[in-house]
Amino acid sequence: MFPPAGIPQQRSRVVISGIGFDPVREDDVLRHVMRELGAGRGGQIITPNVDILRRVNRDAESRRHVDEASIVVADGTPLIWASRLAGRPLPARVPGSDLIWSLSAALAEQEELAAIRPDLDGQQIMALLGIRPGPVVGRAYRFLLEERMEKGPSSEAEAAELLRS
């Protein structure tokens with residue numbers, strides 16, 4: 001399925017030796033993957049180099065994997081050269097060995113951000129403000145979460161003072 005959601009759609013795939021490559025950079029792939037994960041969808045990224053390109057042109061199963069991939073990016077400089085010679089230059093080499101690290105870092109950052117909680121929980125907010133469950137608790141919780149994201153952790157006393165002010 002091309003172009004995948006989140007991948008720039010201004011150009012179609014660049015075909016080299018019968019294989020369509022997505023004209024994207026590593027950061028485009030990262031944004032796409034994180035967006036798809038956030039939406040609960042998956043996909044497959046294939047990073048062919050010249051050796052894989054040769055195998056794909058000889059082996060039906062290899063061809064099927066590439067044809068079914070959500071994203072196909074050039075993992076070899078010779079493929080970038082070939083795209084330039086063909087007059088449809090790919091913007092960058094996107095090696096799978098680099099994607100492993102950048103995707104891992106992006107996932108770790110997302111996990112760390114998801115684990116951040118405000119310095120007071122909903123029960124503490126209700127007790128402090130003398131309120132019952134409702135939208136005010138949610139607004140106070142979001143306010144404290146934003147404060148923590150912006151300024152870092154604080155003590156329960158400091159968080160309480162922020163809510164009172």
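The axes of helix α7 (residues 135–151) and helix α8 (residues 156–164) come within 11 Å of each other and cross at roughly 125°. That angle makes α7 oblique to α8; angles under 35 degrees count as roughly parallel, over 145 as roughly antiparallel, 65 to 115 as roughly perpendicular and the rest as oblique. The model is predicted: local features need pLDDT of at least 70, side-chain atom pairs count only at pLDDT 80 or more, and totals for chains, interfaces and linings use all residues. Residues are numbered from 1 along each chain as its sequence is written, and side-chain values use heavy atoms, with hydrogens and water left out.

**Overall build**
- The chain has eight helices and four strands, where helices (H or I, at least four residues) and strands (E, at least two) are DSSP runs numbered from the N terminus.
- Their order along the sequence is β-β-α-β-α-α-β-α-α-α-α-α.
- The radius of gyration is 24 Å, well over the 15 Å that the globule rule gives for 165 residues, so the chain is more spread out than a compact globule. The radius is taken over C-alpha atoms, and the rule is 2.2 Å times the number of residues to the power 0.38.
- Along the principal axes, the C-alpha atoms fill a box of roughly 70 × 25 × 25 Å.

**α7 with α8**
- α7 passes α8 in a right-handed crossing (left-handed if the near helix is turned anticlockwise from the far one by less than a right angle, right-handed if clockwise).
- Ala-140, Phe-143, Leu-144 and Glu-147 of α7 make the contact with Ala-159, Leu-162 and Leu-163 of α8, contact meaning heavy atoms within 4.5 Å.
- These residues divide into six nonpolar, no polar and one charged. Ala, Val, Leu, Ile, Met, Phe, Trp, Tyr, Cys and Pro count as nonpolar, Asp, Glu, Lys and Arg as charged, and the others, Gly among them, as polar.

**α6 with α8**
- α6 and α8 pack at about 55° with their axes 11 Å apart; axes are lines fitted to C-alpha atoms, for helices over the stretch in contact, and angles run from 0 to 180 degrees between N-to-C directions.
- The two helices are therefore oblique to each other, and their crossing is right-handed.
- From α6, Gln-124, Ile-125, Leu-128 and Leu-129 take part, and from α8, Glu-156, Ala-160, Leu-163 and Arg-164.
- By class, this contact has five nonpolar, one polar and two charged residues.

**α6 with α7**
- The axes of α6 and α7 come within 10 Å and cross at roughly 110°, and the helices are therefore roughly perpendicular to each other.
- α6 passes α7 in a right-handed crossing.
- Gly-122, Ile-125, Met-126 and Leu-129 in α6 meet Val-137, Ala-140, Tyr-141 and Leu-144 in α7.
- Seven residues of this contact are nonpolar, one is polar and none is charged.

**Ends of α6**
- Asp-121 caps the N-terminal end of α6 (residues 122–129), with a side-chain oxygen 3.1 Å from the backbone nitrogen of Gln-123.

Notes
A polar contact is a pair of N or O atoms within 3.5 Å; within protein, one must be able to donate a hydrogen and the other to accept it, and residues adjacent in sequence count only if both atoms are side-chain atoms.
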